[in-house]
Amino acid sequence: PPNKSVVVGLPLRKELLDSRNTKKFSPKLLYITCGKQGSHTINQALFPIISQLVKKFTVVHQTGSNTMTKDSDRARRVKERLGEFSNRYIYSPYFFAKEAATYLRSADVVVSRSGAHIVYELMTLSKKVVLIPISWVSHNEQLLNAKLATSRLTGKVVEEKNLNPDTLVEAIQDISKSA
């Protein structure tokens, strides 16, 4: 009933709103997050370009914890081959609340899926974004979320059908150059 309820929007993690969870990164932070399970599709496009990205960014990559794809193992091998730039690539299957909030708050550019919660968080923080909607979700809601977000934020939508290392690095570079 209207006299017993108030619509307030999606809840936000308190850590996300705490300015103490902001850190300076040099070079600037590129944060790739795709939820607890990660995204093998995004990881496949990302792994070949990490050596290029770490020359310009500190790259923090949430790989996901899927044991079938072994993306965390691949991230470890990629890091081992980065040589002098290996300290600019941080990966983990999952980041807990405070750490994830710090990376999200501190990021210059965020690469992500476009579920309702992450889009709401990105819009709250006014982040530069590259959004890659899941193509098979009901009613194409992630594409709609991504289009809404990029109408209000500096951002690009890269649909899965167009996702590859070249389109991903191009989108990241374009967004990072934006004012």
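## Exposure of an aromatic pair

Phenylalanine 96 is exposed, with a relative accessible area of 60%, whereas tyrosine 94 is partly exposed at 36%. Here buried means under 20% relative accessible area, exposed over 50%, and partly exposed in between, using a 1.4 Å probe and protein chains only. The model is a predicted one: local features need pLDDT of at least 70, side-chain atom pairs count only at pLDDT 80 or more, and totals for chains, interfaces and linings use all residues. Residues are numbered from 1 along each chain as its sequence is written, and side-chain values use heavy atoms, with hydrogens and water left out.

## Aromatic pairs

The structure holds six aromatic pairs. Rings of Phe, Tyr and Trp (its six-membered ring) pair if their centres lie within 6.5 Å; planes under 30 degrees apart count as stacked, over 60 as edge-to-face and the rest as tilted. One of the pairs joins tyrosine 31 and phenylalanine 95, whose ring centres are 6.3 Å apart with planes at 55°, so this pair is tilted. Helices (H or I, at least four residues) and strands (E, at least two) are DSSP runs, numbered from the N terminus. Both tyrosine 31 and phenylalanine 95 are buried.

The rings of tyrosine 94 and phenylalanine 96 have centres 5.3 Å apart and planes at 85°, so they form an edge-to-face pair. Ring pairs also link Phe25, Tyr31, Phe95 and Tyr103 into a cluster.

## Nonpolar cores

A nonpolar core is a set of buried Ala, Val, Leu, Ile, Met, Phe, Trp, Tyr and Cys residues joined through side-chain atoms within 4.5 Å. The largest has 28 residues, and Leu30, Leu53, Tyr89, Val130 and Leu168 have the most contacts inside it. At least two residues of this core come from each of S1, helix H2 (40-46), helix H3 (50-53), helix H4 (71-80), strand S4 (109-112) and helix H8 (165-177). H8 gives the most, with five residues.

A second, separate core of 21 residues includes Phe95, Tyr103, Val119 and Ala146.

## Parallel strands and crossovers

S4 and strand S5 pair in the parallel sense over four bridges, where two strands pair if DSSP finds at least two bridges between them. Valine 111 stands opposite valine 130 in S5. The chain crosses from S4 through helix H6 (residues 116-125) to S5 in a right-handed β-α-β crossover. Right-handed means that, with the strands pointing away from the viewer, the path from the first strand over the helix to the second runs clockwise.

S5 also pairs with strand S6 (residues 155-157) in the parallel sense, over three bridges, and valine 130 stands opposite lysine 156 in S6. S5, helix H7 (residues 141-152) and S6 make a right-handed β-α-β unit. Both faces of S5 (residues 128-131) are covered: Lys128 and Val130 are buried on one side, Val129 and Leu131 on the other.

## Backbone exceptions

Most residues other than glycine have a negative phi, and most peptide bonds are trans. The peptide bond from serine 26 to proline 27 is cis, with omega near -5°; proline 27 is in the loop between helix H1 (14-17) and S1.

Serine 126, in the loop between H6 and S5, has a positive phi of about 55° although it is not a glycine. Serine 126 is exposed, at 57% relative accessibility. Asparagine 140 also has a positive phi of about 55° and lies in the loop between S5 and H7. Asparagine 140 is partly exposed, with a relative accessible area of 33%.
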